Amino acid sequence: MVSIDVTYDGELRCSAMHGPSGMTLFTDAPVDNQGKGAAFSPTDLVATALATCMATTMGIVARKHDRRIDGTRIHIEKHMTASPPRRIARLVVRVIMSEPAHGIDAEGRAVLENAANTCPVRLSLHDTVEVPVAFDWGDQA
């Protein structure tokens, strides 16, 4: 169990303190929803959680198989619904594998891709959120 304490600071801004580490992050409503867009929005954090969970889960699997994926990057685009209710409609993910990962064989790639696609955050998202994922292994035309 992890404890996180959130305070509504006013003006559509919140602060969240991570209990185990004491680290604090802030959220702000996006400009298109009455906010200033001065920090991650709560839905931005969902997208960020997905990308970091995919990377972390791949890292755990890579370590287990004595592989290196350091420097791998994930680009994620968050698309909100155009009509109410306001929610995340689509998270488009592009995983750009780093140079150390380029030599991984097809079987190893499949294992890493499965790890990303079955990370805890991905499995926690509602089925109505589309999540197309593309992997760039550096050898694609």
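1. In this predicted model, a polar atom of the Ser 98 side chain sits 2.7 Å from the backbone oxygen of Asp 70. Asp 70 is also among the residues in contact with Ser 98 once neighbours within four places in sequence are left aside; the others are Ile 69, Gly 71 and Thr 72.

2. Ser 98 belongs to the loop between β5 and α2 (106–117). The relative accessible area of Ser 98 is 7%, and the residue therefore counts as buried, the cut-off being under 20%.

3. Strand β5 (residues 88–96) pairs with strand β4 (residues 73–80) in the antiparallel sense, through eight bridges. Within β5, Val 92 stands opposite Glu 77.

4. Strand β5 also pairs with strand β6 (residues 133–136), here in the parallel sense and over four bridges. Val 93 stands opposite Val 133 in β6. As a general point, side chains in a regular strand alternate between the two faces of the sheet.

5. The largest pocket has a volume of about 150 Å³. It is lined by 14 residues, of which Asp 28, Ala 29, Pro 30, Asn 33 and Pro 42 are the closest to its centre. The elements giving two or more residues to this lining are β2 (13–18), β3 (24–28) and α1 (42–64).

6. What is the make-up of the lining of the largest pocket by class? Seven residues are nonpolar, four are polar and three are charged.

Note on methods:
Residues are numbered from 1 along each chain as its sequence is written. This is a predicted model: local features need pLDDT of at least 70, side-chain atom pairs count only at pLDDT 80 or more; totals for chains, interfaces and linings use all residues. Side-chain values use heavy atoms; hydrogens and water are left out. Two strands pair if DSSP finds at least two bridges between them. On a 1 Å grid over the protein atoms alone, a cavity is a set of points where a 1.4 Å probe fits but cannot get out, and a pocket is an open set with protein on both sides within 12 Å along at least five of seven lines; lining residues have an atom within 4 Å of a point. Grid points are joined across faces, edges and corners, and a volume is the space filled by probe spheres set on the points. Ala, Val, Leu, Ile, Met, Phe, Trp, Tyr, Cys and Pro count as nonpolar, Asp, Glu, Lys and Arg as charged, and the others, Gly among them, as polar. Buried means under 20% relative accessible area, exposed over 50%, partly exposed in between (1.4 Å probe, protein chains only). A polar contact is a pair of N or O atoms within 3.5 Å; within protein, one must be able to donate a hydrogen and the other to accept it, and residues adjacent in sequence count only if both atoms are side-chain atoms. Contact means heavy atoms within 4.5 Å.
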